[in-house]
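Here are my notes on this one, written as numbered points. Have the coordinates open while you read.

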Amino acid sequence: MDRLLAFGDAKTGYTSMAEFLSVSGMSLWHYHKFRIYFIMRNQAYEEALIRDLALVYDEIHLYTSFNDFQLFGNLPENVVIVPGAKTAGHGKSIVSLLHYLTYLLLRFFIGMASTLKAGECRHLLIDRSARQPCLDPGTLKLKQDNYNLAYVFAKAGKDFAIIDETEPPKFSQGQQFRIERWMIRNSHPRVHRIPGEFILIRGVLSPAVWKAYKKDEKLIYSRLRSLIEEAEPGRNNWILKKMLEFHGASRFYIFKNRAYNMFFRNHEFKTVTSIDENSPSVKSILDAARVNGMKTIGIQHGNIHDLHPAYRFTSADVRRGLLCDVTLVWGSYWKDYLINKSGYPETSLEVVGQPRTDIIPALLNNRDKLIKELGYPEVPLVVFASQLQQDPLLREKAAFDVLNMAASFSDIHLVIKLHPSEASAPEYYHRIARQTGCTNYSITSEHDLYSLIASCNMLITCFSTVGAETVYFRKPLVILDHLDQDIQAYIKQGVAFRALNGAELTKVAEGILSRELSINDKAYESFIQRNAFSIDGRTSERIVDFIRCMF
């Protein structure tokens, strides 16, 4: 991560790489920072392993998908690289292509109508997320919506519009496409929706957009070529070659920016707000908004940490104006982190809470109804939030310990909530249940996680972020911590009970279920304030009010 961040500040002549590779308000280096970071990270893992093995064996044959090892110096002489063969491309599905063209045509006509009605709108919300099951605050029924922003959309009014767009399918990689109902229907009819595809098609039909696009694309391409020719072999040269390799994506982002630039120029919008604000697909929109005098607002959408490329910037990046005008964060902990670690100006950060938690008060007030709808026995409910742990022995040990614990109680029901990566593997847990003799359990990947937490008497996990959400519900949290690592520091912060093995897990469960053990209210309140501000069901309202009042 440090090496990645250093590239943008590296000098080329009298300017930095980031500035030299910028055009019309777009820093193309930062558009590709995500993708390049994950390639660098994976190659670093591979190189480290090979260097260790080269000290042990006479000769190493490395079969690899990487074709250029310049990142961390030359590999040892006893390493022979065998590059992977190029895989054949996938054939394009004519049916999927026709579906997509039909979808674009529908979205264009929807956009023509919706744009005419957007005259009162002053604030834009960007919706690019794939739909997921979300609980409706009124009915507590599941519907397909934006997992992070559904409740913000519900609070917005006629002065807001939502720009929504679907990720273009990669037909060259064999991706299929079919039109879903949510792609056409407005799930929040109180708020105008403007299809992003309409804006892009308008750009395709505009000679002025094409002229500006060609100028920007030609400039960036020539600068990349000149830097590669001048740079010495090594890490920076490797990064530049990757950027040239991804120039097809750069073309799309430049064109998208220019199309949105034209759209914003013809409308009187004041603000544009989004989650994932530093990803290239969103940043290309926000950069166009900034050029047109609009204020840009980012909303925290996940945990922030030292190796998160979306939130790591240098002080020079901050001076270049790469950040949103305002970033709305969940709690004081995240605000302090961004100030101290990435140099965010304190005035650019606002603590509002986590929108997703707005459903929690409604769930807690309807616990009996939820339990009945879930269909589990009317006994104390224990939830185990599974994880696909990298160490298969620890994964199996956790499953054995949890199922053994459940088997030792005749008056509880264990629900194993499968992690999305384990959704297709319930038989793994059924096998272990048979070995432990446990019969009072269920396995689900269907039921809503928040409904399960609201209904349960305690939740067990190893180190999942589900633990934090359990605290938000003020439910007892048990961390099954075989290696005594406390990875998420739940135990250190006093919001979780620790179990180092199966015997301790059973003992802790017995204490919680008999109410001899209870949560630390003071620690829970401090954790919530630091991480999520307040679980009061009003975060989305605060976000909408902030946007209206601030700008």
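1. Overall size first. A compact globule of 551 residues would have a radius of gyration near 24 Å, and the chain comes in at 26 Å, which agrees. Bear in mind that this is a predicted model. Along the principal axes, the C-alpha atoms fill a box of roughly 75 × 70 × 50 Å.

2. The chain has 22 helices and 21 strands. Of its 551 residues, 53% count as buried. If you take contacts between residues at least 6 apart in sequence, 73% of them join residues at least 24 apart.

3. Next, the sheet I'd look at. Six strands form an open sheet in the order E18-E17-E16-E19-E20-E21, with parallel pairing. Strand E18 (441-444) and strand E21 (497-499) sit at the edges, each pairing on one side only. From one strand to the next, the twist averages 25°.

4. Zooming in on one pair: E16 and strand E17 (residues 413-417) run parallel and share five bridges. Here Phe-384 stands opposite Ile-416 in E17.

5. Helix H16 (residues 392-407) lies across E16, E17, E18, strand E19 (458-461) and E20, at about 155° to E17. Helix H17 (residues 426-436) lies across E16, E17 and E18, and runs at about 165° to E18.

6. Where does the largest nonpolar core get its residues? The core has 39 residues, and those with the most contacts inside it are Leu-363, Tyr-450, Leu-459, Tyr-472, Leu-477 and Tyr-490. Several elements each supply at least two residues of this core, among them strand E16 (381-385), strand E20 (477-480), helix H18 (449-455), helix H19 (466-472) and helix H21 (521-532). Helix H5 (150-155) is also one of the contributors, as are helix H14 (360-364) and helix H15 (367-374). A second, separate core of 37 residues includes Val-23, Val-209, Tyr-213 and Leu-224. As background, nonpolar side chains in soluble globular proteins tend to be buried together.

7. Leaving out residues up to four places away in sequence, Leu-459 touches Val-383, Ala-385, Ile-453, Val-466, Thr-470, Pro-476, Leu-477 and Val-478.

8. On cysteines: the disulfide count is zero. Cys-438 counts as buried because its relative accessibility is 4%. Cys-549 is in no disulfide either, with the nearest cysteine sulfur, that of Cys-121, 18 Å away. At 69% relative accessibility, Cys-549 counts as exposed.

9. Finally, a backbone check. Most residues other than glycine have a negative phi. Ala-489, in the loop between E20 and E21, has a positive phi near 60°. Ala-489 is partly exposed, at a relative accessible area of 21%. Phe-533 also has a positive phi, near 65°. You'll find Phe-533 in the loop between H21 and helix H22 (539-550), and it is partly exposed at 32% relative accessible area.

Note on methods. Residues are numbered from 1 along each chain as its sequence is written. This is a predicted model: local features need pLDDT of at least 70, side-chain atom pairs count only at pLDDT 80 or more; totals for chains, interfaces and linings use all residues. Side-chain values use heavy atoms; hydrogens and water are left out. A nonpolar core is a set of buried Ala, Val, Leu, Ile, Met, Phe, Trp, Tyr and Cys residues joined through side-chain atoms within 4.5 Å. Buried means under 20% relative accessible area, exposed over 50%, partly exposed in between (1.4 Å probe, protein chains only). Helices (H or I, at least four residues) and strands (E, at least two) are DSSP runs, numbered from the N terminus. Contact means heavy atoms within 4.5 Å. Two strands pair if DSSP finds at least two bridges between them. Axes are lines fitted to C-alpha atoms, for helices over the stretch in contact, and angles run from 0 to 180 degrees between N-to-C directions. A disulfide is a pair of cysteine sulfur atoms within 2.5 Å. The radius of gyration is taken over C-alpha atoms; the globule rule is 2.2 Å times the number of residues to the power 0.38.
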